[in-house]
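Please read it with the sequence and the model at hand.

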Amino acid sequence: MQLDNLYQEVILDHYKHPEHKGLSPQKDVQVHHVNLSCGDEITLNLTLHGGRIADLSWEGIGCAISMASVSMMAGLLNGKTLDEAALIMDSFLSLMQSKGTQKGDEGVLEDAVAFAGVSKYPARIKCALLGWMAFKDAAMQVQGR
Ligand code: ZN
């Protein structure tokens, strides 16, 4: 896989210095998702307060793409409302489905536009989406209560 060097650096930086890693003791819901094709595993703890994501923390093992993606996601979504989070997730999903044709909206995705190049590699898209799919699951569970 060849990623733009700068983007690769952003991804490796999150991999080495992940944000919001380490599960918070309190949680409204916990989910565990695995990506069998790569062996990535992520556990997410989600706590809502007044419709906002009061706490989104995670633990996981896996490749740099999966770990960097969940790190950036947690940074983007903490403190947001579920509606805001859904818009950010839609933006990231659309980028991942773009097969390399989109650059991503930096105003919405910030550092996560670094994954634009990954959308050209179908085998790695699942890695990049693992944390986001786990969040989607957690958000649906917590709203269903
Ligand atoms: Zn992976």
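Predicted model: local features only at pLDDT ≥ 70, side-chain atom pairs only at ≥ 80, totals over all residues.

How close do the axes of α2 and α5 come, and at what angle do they cross?

1. Helix pair. The axes of α2 and α5 come within 8 Å of each other, with a crossing angle of roughly 35°. The crossing of these two helices is right-handed. From α2, the residues in contact are Ile 65, Ser 66, Ser 69, Val 70, Met 73, Leu 76 and Leu 77, and they meet Arg 124, Cys 127, Ala 128, Gly 131, Trp 132 and Phe 135 of α5. By residue class, this contact comprises nine nonpolar, three polar and one charged.

2. Nonpolar core. The largest nonpolar core holds 47 residues, and Leu 44, Phe 115 and Phe 135 are the members that touch the most others. At least two core residues come from each of α1 (5–16), β1 (29–35), β2 (40–49), β3, α2 (64–77), α3 (82–96) and α5 (122–143). The greatest contribution is that of α5, which supplies 11 residues. As a general matter, nonpolar side chains in soluble globular proteins tend to be buried together.

3. Phe 135. This residue takes part in the contact of α5 with α2 and is also among the core members with the most contacts to other members. Leaving aside residues up to four places away in sequence, Phe 135 touches Leu 44, Leu 46, Ile 53, Leu 56, Met 73, Leu 77, Leu 82, Ala 85 and Met 89.

4. Asp 55. This residue belongs to strand β3, which spans residues 52–61. Asp 55 counts as buried because its relative accessibility is 19%, and the cut-off for buried is under 20%. Its side chain makes a polar contact with the side chain of Ser 24, at 2.5 Å. Beyond four places in sequence, Asp 55 touches Ser 24, Gln 26, Asn 45, Leu 46, Thr 47 and Asn 78. Between Asp 55 and His 32, 23 residues apart in sequence, the C-alpha to C-alpha distance is 16 Å.

5. Ile 61. The C-alpha atoms of Ile 61 and Ile 42 are 6.7 Å apart, with 19 residues of separation along the chain.

Note on methods: Residues numbered from 1 in each chain as written. Heavy atoms only, no water. Helix = DSSP H or I, 4+ residues; strand = E, 2+ residues; numbered from the N terminus. Buried < 20%, exposed > 50% of the residue type's maximum accessible area, 1.4 Å probe, protein only. Contact = heavy atoms within 4.5 Å. Polar contact = N/O pair within 3.5 Å; in protein donor to acceptor, adjacent residues only side chain to side chain. Core = buried A, V, L, I, M, F, W, Y, C linked by side-chain atoms within 4.5 Å. Axes fitted to C-alpha atoms, helices over the stretch in contact; angles between N-to-C directions. Left-handed = near helix turned anticlockwise from the far one by under 90°. Nonpolar A, V, L, I, M, F, W, Y, C, P; charged D, E, K, R; others polar.
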